[in-house]
Amino acid sequence: MSAVADTHAHHDDHGHHPTGIMRWITTTNHKDIGTMYLWFSFSMFMVGGVMALVIRTELFQPGLQIVNPDFFNQMTTLHGLIMVFGAIMPAFVGFANWQIPMMIGAPDMAFPRLNNWSFWLLPPAATLLVASLFVPGGAAGVGWTLYAPLTVQMGPGMDLTIFAVHILGMSSILGSINIITTLLNMRAPGMTMMKMPMFCWTWLITAYLLVAVMPVFAGAVTMTLTDRHFGTTFFNAAGGGDPVLYQHIFWFFGHPEVYIIAIPAFGVVSQVIPAFSRKPLFGYASMVYATASIAILSFIVWAHHMYTVGMPLVAQLYFMYATMLIAVPTGVKVFNWVATMWKGSLTFETPMLFAIGFLFMFTLGGFTGLVLAVVPIDIQMHDTYYVVAHFHYVMVAGALFAAFAGVYFWLPKWTGRMYNERLGQIHFWLTLIFFNMIFFVQHFLGMAGMPRRIPDYHPMFETWNKISSLGAFGMGLAQLLFLYIVVKTIRSGEPAPQRPWEGADSLEWTHLPTPPPYHTFETQPVIK
Amino acid sequence: MNLGNENRRLSRRLTIVAIGMFGFAFALVPFYNQICAALGVNSIEEKSEAPLNSQIDTSRTITIELDANAHNLPWRFKPMVSEVKVHPGELAMVEYEIVNVREAPVTGQAVPSYGPQNAGEYFKKIECFCFTHQTLAPGETRRMPVVFVVDPKLPKDVSTIAVSYTFFEVAGRGGKS
C-alpha cells in the first residue's frame with residue numbers, strides 16, 4: 001500500500017485529506033477507492049491462485065498425497081468464491097471507480113461516502129472467508145455454488161461463508177446503485193447516453209443486473225441459514241422442502257452473475273480494440289443493444305446448469321433453445337470487434353495483445369458453452385473437466401485477460417508512468433501459453449470422463465493432469481511478473497504523455513493531464 | 001430539482017428494487033411448488049391412475065349371450081345376467097350362481113361350448129369356475145365369476161358369441177374334492 005500512497009502523494013495538488021493509513025480508510029475520492037479495489041482484487045487473486053495451486057498439486061498424480069479430501073473440497077470451494085467475488089468482480093468495480101467519472105466528465109461518483117463503504121465492506125468479508133478455514137470442521141467444502149443439502153449439514157465454517165456472501169452482496173448492491181446514479185445523472189453536458197464510451201454502457205447494464213440478482217443470492221443463503229439454525233425446511237426434504245429448489249434460486253442468480261463478470265470485460269475490450277486499431281468502435285449502437293439483450297436473456301436460461309436434476313422434457317428443450325439464442329447477441333459483439341480491427345492501422349502493444357487473446361479465447365469458451373447447452377451432450381459432460389475448461393475459458397481468458405488489458409491500457413494514465421512494454425508482452429505470452437496448457441487439455445479429460453471436484457482419479461488421466469498442473473505453476477509464476485511490472489511502473493517507470501495511445505479518444509485521454517489531478521472535472525466539460 | 005435530490009431519489013428507487021428482489025427469492029418458493037404441482041413433477045407419492053389398456057378396439061361391440069345347463073345334476077345353475085356387451089380387448093367379468101338342491105354333497109365340473117364354434121379360440125378366459133372341480137355342500141348356494149377378454153383378432157363377421165356352460169357330475173367323487 002505504501003508504494004501506492006507515495007505515487008499518489010504528488011497528485012495531491014489541492015486535496016485536503018488525512019495522510020497515511022487514515023487517508024485510505026476515510027477517502028471518498030473515486031480514484032483512491034478505485035486503487036484500493038484493484039489492489040484488493042489482486043491480493044485476492046493471489047490467495048485464490050494459491051488455492052488453485054493446492055488443487056493442481058494434489059491432482060499432479062493419481063492417488064491422495066498432499067491434502068486430505070475434506071481440505072481439497074474446501075480449496076475448490078474457496079478458490080471459486082474468492083476468485084468470483086473477491087478477485088474478478090472487485091477488479092471491474094475498481095475500473096469503474098477510476099474510469100466512469102473521468103469518462104463521462106463527472107467530478108466524482110454520485111455518493112462518495114457510500115463508495116467508501118462499498119469498498120470497506122470487502123476486507124471483512126474476505127477475512128470471514130479465509131478465517132472459515134480455521135474454525136472446527138474447516139471451511140465450507142460444498143463447492144462455490146453452495147448447494148443444499150450439504151450446506152445445511154456443514155460445520156460453523158458454513159455460517160462464516162453465508163455472512164461473507166451477505167456482506168459481499170451488500171457491497172455489490174451499494175456499488176451498483178452508486179454507478180447507476182452516476183451514469184444516469186452526472187454526465188457532462190452534451191454527453192448523451194448514446195455518446196457514452198462503451199465501457200460505461202457495459203457497466204450500466206452490469207449494475208442493473210447486480211441490483212436485480214445479488215439480493216436473490218442473499219435470499220438463497222438466508223434460507224440456508226434459517227434451515228441450519230431456525231428450524232425452517234426450505235431445502236430439507238424431511239420437512240417438505242426440496243434441495244432442487246436451492247439450485248433453481250441459485251442459478252436464477254448464478255447465470256446473470258456470469259454476465260456480471262463478462263459484460264464489464266466486454267466494455268474494457270471495446271475501449272482497447274478501437275484504440276489500437278485507430279478506428280472508432282464498429283457498430284456502437286448494435287453493441288449497446290447486443291449487451292442489453294445478453295443481460296435480459298440471462299434471466300431466462302438458468303436451468304441449463306441443472307439439466308440432470310430430472311426436469312420435464314419440455315423444460316429441457318426450452319432452456320436448450322433459449323441458451324443457444326444467447327449466441328446471437330454474443331456473435332454480434334464478436335463480429336463488431338473483428339470488424340473494428342478490419343482494415344484498421346493495428347499495433348500490438350500489451351493491452352491489444354490481451355484484448356486479442358480475450359477475443360480468441362473467450363470465443364472458444366463461448367463455443368464450448370454452446371456445446372454444453374445441448375441437453376444430450378450436457379448430460380454426458382455434466383460435472384466433468386469439460387465444464388471446468390469451459391468456464392475457465394470465459395472467466396480467466398475472458399474476464400481476467402480483459403482486466404489485464406485494462407490495467408496495461410490505463411496504468412500510464414493512472415500512475416503517470418509507462419510500464420515496460422517488453423516485460424508486458426512477455427507477461428502476455430507466458431499467461432496465454434500457460435493458460436492453454438492448464439485448460440485446453442482439460443477438455444480432453446472431461447470428454448474422457450474425469451469428474452470435477454474429486455481429489456483422486458483413474459491412472460489413465462495422469463498425463464493430461466500432469467501437463468495441466470505444470471501449466472498452473474507456470475501461470476502462477478507469470479503473475480508474479482505482472483506484480484513486478486506494476487510495482488516497477490509505479491516506482492520508476494518512464495513518465496507517460498497525456499495520450500500515450502494515439503487511437504484512444506475518451507475524455508480521460510483528451511481532456512486530462514497524465515497523471516490526472518486528485519480532483520478532476522470540477523467544472524464539467526461540454527461535449528459537442 | 002437539484003442534482004443531490006435527484007441522486008437521492010434514484011438511489012431510493014434502486015434500493016426498493018433490491019429489497020423487492022430479496023423478497024422475490026422467497027416468492028420463488030411457493031412459485032416453485034406450484035410449477036412442480038402443475039407439471040406433475042417432484043410429487044412424493046406414485047401416481048395412482050389405472051394402467052391404460054391401449055389394445056381395446058372400441059369400434060366394435062360384441063354381444064356375449066350366456067347360457068347354463070346342469071346335465072343330470074340336482075343343481076340349479078344360471079348366469080346372473082343373460083347377456084353382456086363388450087369391446088374386443090376389454091377385460092370383462094360375469095357371474096354364475098349354482099344351488100345344490102340335494103341332501104348330500106355333490107362334485108361337478110363345468111364344460112364350456114361356444115356358438116359359433118370357432119369363436120372359442122378368441123374367447124380368452126383369465127379366471128373361470130370351469131378350471132376346477134366344484135364341490136357343493138347340501139343346500140349350498142355359490143356365486144362364481146368368469147373373467148374374460150375377447151381377442152381383437154375375432155373375425156369381423158362375428159358380432160355375437162353364445163357361451164354355454166354345462167355341469168357334469170364327477171362320478172364317484174361324492175362330496176370329496
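Reader: Given that the expected span of a helix is 1.5 Å times one less than its number of residues, what should the 15 residues of helix α13 (residues 327-341) of chain A span?
Author: They should span 21 Å, and the end C-alpha atoms of α13(A) are 21 Å apart, which agrees. Helices (H or I, at least four residues) and strands (E, at least two) are DSSP runs, numbered from the N terminus. This is a predicted model, in which local features need pLDDT of at least 70 and side-chain atom pairs count only at pLDDT 80 or more, while totals for chains, interfaces and linings use all residues. Residues are numbered from 1 along each chain as its sequence is written, with chains lettered from A and ligands numbered from 1 in the order in which they are written.

Reader: Which residues of α13(A) are buried?
Author: Pro329(A), Thr330(A), Lys333(A), Trp337(A) and Thr340(A) are buried (20 or more other C-beta atoms, placed from the backbone, within 10 Å of their own).

Reader: Switching to chain B, what is the strand order in its open sheet of five strands?
Author: The order is β3-β1-β9-β5-β7, with mixed pairing (strands pair if DSSP finds at least two bridges between them). Strands β3 (83-86) and β7 (134-136) stand at the edges with a single partner each, so one side of each is left without a neighbour in the sheet.

Reader: How does β7(B) pair with β5 (residues 106-115) of chain B?
Author: The two run antiparallel over three bridges, and Val106(B) has Leu136(B) as its bridge partner in β7(B).

Notes
The expected span of a helix is 1.5 Å times one less than its number of residues. A residue is buried if 20 or more other C-beta atoms lie within 10 Å of its own, exposed if 12 or fewer, and partly exposed in between; C-beta atoms are placed from the backbone.
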